[in-house]
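Let's take a walk through this structure together, one spot at a time. Have the sequence and the 3D view open as you read.

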Amino acid sequence: MNEQALDFKAWTNDMQARMELALDAHLPTATISPMRLHEAMRYATLGGGKRVRALLAYAAGEFCGAELEKIDIPAASVEIIHAFSLVHDDLPCMDDDDLRRGKPTTHKQYGDALALLVGDALQSLAFQLISQEKLLKSATQKLQMLHILALASGSRGMAGGQAIDIESIGIPLTRAELEHMHIQKTGALIRAAALLGAYSADDPEEEKVKAVDHFAKAIGLAFQVVDDILDAEADTQTLGKTAGKDKLNNKSTYVTILGLSAAKQLASELHANAMAALSFYGREADLLRHLANFITQRSF
Ligand code: GRG
């Protein structure tokens, strides 16, 4: 590993640990009532996951000049919404999965009804944390973040993408339809993570925010293309979730539509698009560049 790659590995480890601490501190403790709900919220959120969305928020925030302390809550809020989506996605009425992040899914551990409530409560918590964060300069800054997060999670974002996903089981999608679904289901929250990071800076340069947005759109889609490739190629133990689920559920993916080799080519084109968004910038964009590599070269 070269020196730069080593630095990035250390930064990733530091930011993942930082996110774990922030989440631990802001999730309700399991010693206060309703204890089992709080325990299950912590089970669903802590101790797992790559924290890609938090890493994106930190990298975009640093690029735009935000102090790390100001990025903690926006980044944690996105990770909390993400954890919520995973809990609901795994329910029997959705993807019906038993394994997530290498451990039993929340409904397997706590039952369907509590898992539903875990998702509901996590969603509210994400918005609560931003609304009450004292380090964010102004009400306008908070409102902007809340607006971005609400749009990314709602019917024109993640929830909408999931609805299209469910409706299309067993129905072959065109490439354009698949792209539209993934832009909403996965891309919207990844984009929101980067934008929340950027807006954690008090007065981010407009051109930098635009570059972050362009970067995040491309890397969000690349993330999903790689997710499809891993679902087809990797094993359950490496993924920490059931491999081969898309085929089992008869879902259209970039692999079923394009084939493995063209899907890999597409991931590398999207990676190049993301890099192009940063071409005007020097070392200050290196964390974002490394994240693009991390997202496209990951094995889980
Ligand atoms: C959350 C508003 C809201 C609605 C719920 C269930 C649902 C509607 C949406 C599902 C969205 C979903 C599960 C998209 C898949 C995204 C994806 C590829 C998840 C895996 O992300 P990783 O690899 O997971 O970043 P880790 O475990 O590393 O965090």
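Start with Thr-12, which counts as buried because its relative accessibility is 5%; buried means under 20% relative accessible area, exposed means over 50%, and partly exposed is in between, using a 1.4 Å probe and protein chains only. Thr-12 belongs to helix H1, residues 3-26. (Helices are DSSP runs of H or I with at least four residues, strands are runs of E with at least two, and both are numbered from the N terminus.) Arg-51 is 39 residues away from Thr-12 in sequence, yet their C-alpha atoms are 9.3 Å apart in space.

Before going on, a word on what you're looking at. This is a predicted model, so local features need a pLDDT of at least 70 and side-chain atom pairs count only at pLDDT 80 or more, while totals for chains, interfaces and linings use all residues. Residues are numbered from 1 along each chain as its sequence is written, and side-chain values use heavy atoms, with hydrogens and water left out.

Now for the ligand. It sits in the largest pocket. On a 1 Å grid over the protein atoms alone, a pocket is an open set of points with protein on both sides within 12 Å along at least five of seven lines, and a molecule sits in one if more than half of its atoms lie within 2 Å of its grid points. There are 19 residues around the ligand, and Lys-50, Arg-53, His-82, Arg-101 and Ser-153 come nearest; to be near, a residue needs a heavy atom within 4 Å of the molecule.

Zoom in on the side chains. Lys-50 has a side-chain N or O atom 2.6 Å from an oxygen atom of the ligand, and for Arg-53 the corresponding distance to a ligand oxygen is 2.7 Å. His-82 places a polar side-chain atom 2.8 Å from a ligand oxygen. On its own the ligand has 750 Å² of accessible area, and the protein covers 93% of that (Shrake-Rupley method, 1.4 Å probe).

Which helix gives the most to the shell around the ligand? That's H4, with six residues. Helices H4 (68-90), H8 (158-167), H9 (175-198) and H10 (206-233) each supply at least two residues of the shell.

Ser-153, one of the residues that come nearest to the ligand, is in helix H7, residues 139-153. Is Ser-153 buried or exposed? It counts as buried because its relative accessibility is 8%. A polar atom of the Ser-153 side chain lies 2.5 Å from the backbone oxygen of Leu-149.

Tyr-281 is in the loop between helix H14 (260-276) and helix H15 (286-297). At 12% relative accessibility, Tyr-281 counts as buried. Tyr-281 and Lys-208 are 73 residues apart in sequence, with 9.1 Å between their C-alpha atoms.

Last, some backbone geometry. Most residues other than glycine have a negative phi, and most peptide bonds are trans. The bond from Ser-33 to Pro-34, though, is cis, with omega near -5°, and Pro-34 lies in the loop between H1 and helix H2 (35-45). Asp-96 has a positive phi, near 50°; this residue is in the loop between H4 and strand S1 (99-100) and is partly exposed at 42%. Asn-250 also has a positive phi, near 55°. Asn-250 lies in the loop between helix H12 (245-248) and helix H13 (254-258), and with a relative accessible area of 52% it is exposed.

Definitions and conventions: A polar contact is a pair of N or O atoms within 3.5 Å; within protein, one must be able to donate a hydrogen and the other to accept it, and residues adjacent in sequence count only if both atoms are side-chain atoms. On a 1 Å grid over the protein atoms alone, a cavity is a set of points where a 1.4 Å probe fits but cannot get out, and a pocket is an open set with protein on both sides within 12 Å along at least five of seven lines; lining residues have an atom within 4 Å of a point.
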